[in-house]
Amino acid sequence: MRISFIGAGNMAGAIISGILAKGIVSANEITAADLTDHVSERFGIHFTNDNREAVKNADILFLSVKPQIYPAVIEEIRDLVTSDQLIITIAPGKTLAWLKESFGGKELKIIRTMPNTPAMVQEGMTAVCPNEHVTDDDLSTALTLLGSFSKTEVVPEHLMDVVTSVSGSSPAWVFMLIEAMADAAVADGMPRAQAYTFAAQAVYGSAKMVLESGKHPAELKDMVCSPAGTTIEAVRVLENKGFRSAVFEAMKACTKRSREL
């Protein structure tokens, strides 16, 4: 199985790292195309400056460039891609219909995905949406590849913009939360490096409890809130400052923007 990447940035690096770590393919079966080589020495894979060469070397082709670069890249490779290849995209806003039209209406096997940056530490979350030409075997292969660096869920395409807000973009405001928590701890006398460790581990552990306990987040919150205690007082302040509403409105704006792309 030969895998090529057009675009060798952070997300491609995370995917390649996961695939190699799980031993799904060997390094000599992977090709990456980009303007600058950031990956061949790191992973021992083949690198090229030629996108068309990457297509010719691929059974599976990842389009891992920025969304605004998609039209130019697809125009360059359109005549080379075939119905035997599986194309996996990671760009928000680029629908299956848009991709088909951009490829000149060719009947191609395309899987639209939305991963997130925690993939860089093999803790990503990836939504997967195949078109009608993708077989069960194709989808299984894709889920194996994507599962090497993240949890995966198959979703209908109308939810892909929601995925952008709930997992694709949301690490940004989780990082803001960790930074704010650490800043407050520093203000109260804790050394900054230690403050980041405490804040980040609290977020990480809390997320793990949601995923593994089977309990509702509200139930887990209530377990921490003792009557007349410190936690419920902090929750009161967060509610007063519109914490939930701010997150809600931020995600609504994010989903709206994704639909506009």
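Which residues does S167 touch, not counting residues up to four places away in sequence? S167 touches N116 and M125. The model is predicted. Its chain has 261 residues, and buried residues make up 38% of them. The secondary structure comes to twelve helices and eight strands. The points below start with the whole chain, go on to the sheet, and then take up single residues and a pocket.

**Whole chain**

- The C-alpha trace spans about 65 × 40 × 30 Å along its principal axes.
- Of the contacts in the chain with a separation of 6 or more, 62% are between residues 24 or more positions apart.

**The sheet**

- Eight strands form an open sheet with mixed pairing, and their order is β3-β2-β1-β4-β5-β6-β7-β8.
- The edges of this sheet are β3 (46-48) and β8 (150-154); each has a single partner strand, so one side of each is left without a neighbour in the sheet.
- From one strand to the next, the twist averages 20°.
- At the β3 end of the order, β2 and β3 run parallel and are joined by three bridges.
- A33 stands opposite T48 in β3.
- Helix α1 lies across β1 (3-6), β2 and β4 (60-63), and it runs at about 165° to β1.

**Strand β7 and its partners**

- Strand β7 covers residues 124-130, and five of its seven residues are buried, so the strand is largely enclosed by the rest of the structure.
- On one side, β7 is joined to strand β6 (residues 109-114) by four bridges, and these two strands run antiparallel.
- M114 stands opposite A127 in β7.
- The pairing of β7 with β8 is in the parallel sense and extends over five bridges.
- In that pairing M125 stands opposite K151 in β8.
- Between β7 and β8 the chain passes through helix α6 (residues 136-146), and this β-α-β crossover is right-handed.

**S167, in helix α7**

- S167 is found in helix α7, which covers residues 160-168.
- Is S167 buried or exposed? S167 counts as buried because its relative accessibility is 9%, which is under the 20% limit for that class.
- One of the residues that S167 touches is M125, the residue that stands opposite K151 in β8.

- K22 is found in the loop between α1 (10-21) and β2 (30-33).
- With a relative accessible area of 54%, K22 is exposed, since the exposed class covers values over 50%.
- Leaving aside neighbours within four places in sequence, K22 is in contact with G147 and S148.
- K22 and R2 are 20 residues apart along the chain, and their C-alpha atoms are separated by 16 Å.

**Positive phi values**

- Most residues other than glycine have a negative phi.
- Q122 is not a glycine, yet it has a positive phi of about 60°.
- Q122 is found in the loop between β6 and β7, and at 29% relative accessibility it counts as partly exposed.
- A228 is another residue other than glycine with a positive phi, here near 60°.
- A228 lies in the loop between α10 (217-224) and α11 (230-240).
- Where Q122 is partly exposed, A228 is exposed, with a relative accessible area of 84%.

**The second largest pocket**

- The volume of the second largest pocket is about 830 Å³.
- How many residues line the second largest pocket? Its lining has 36 residues, of which S64, V65, K66, P67 and I90 lie nearest the centre.
- The elements that give two or more residues to this lining are α1, α4 (70-77), α7 and α12 (243-260).
- Among these elements is α7, the helix in which S167 is found.
- Helix α1 is also among them, and α1 lies across β1, β2 and β4 in the sheet.

Conventions:
Residues numbered from 1 in each chain as written. Predicted model: local features only at pLDDT ≥ 70, side-chain atom pairs only at ≥ 80, totals over all residues. Heavy atoms only, no water. Buried < 20%, exposed > 50% of the residue type's maximum accessible area, 1.4 Å probe, protein only. Contact = heavy atoms within 4.5 Å. Pairing = 2+ DSSP bridges. Axes fitted to C-alpha atoms, helices over the stretch in contact; angles between N-to-C directions. Right-handed = clockwise from strand over helix to strand, strands pointing away. 1 Å grid on protein atoms, 1.4 Å probe; cavity = no way out; pocket = protein on both sides within 12 Å on 5 of 7 lines; lining within 4 Å. Points joined across faces, edges and corners; volume = space filled by probe spheres on them.
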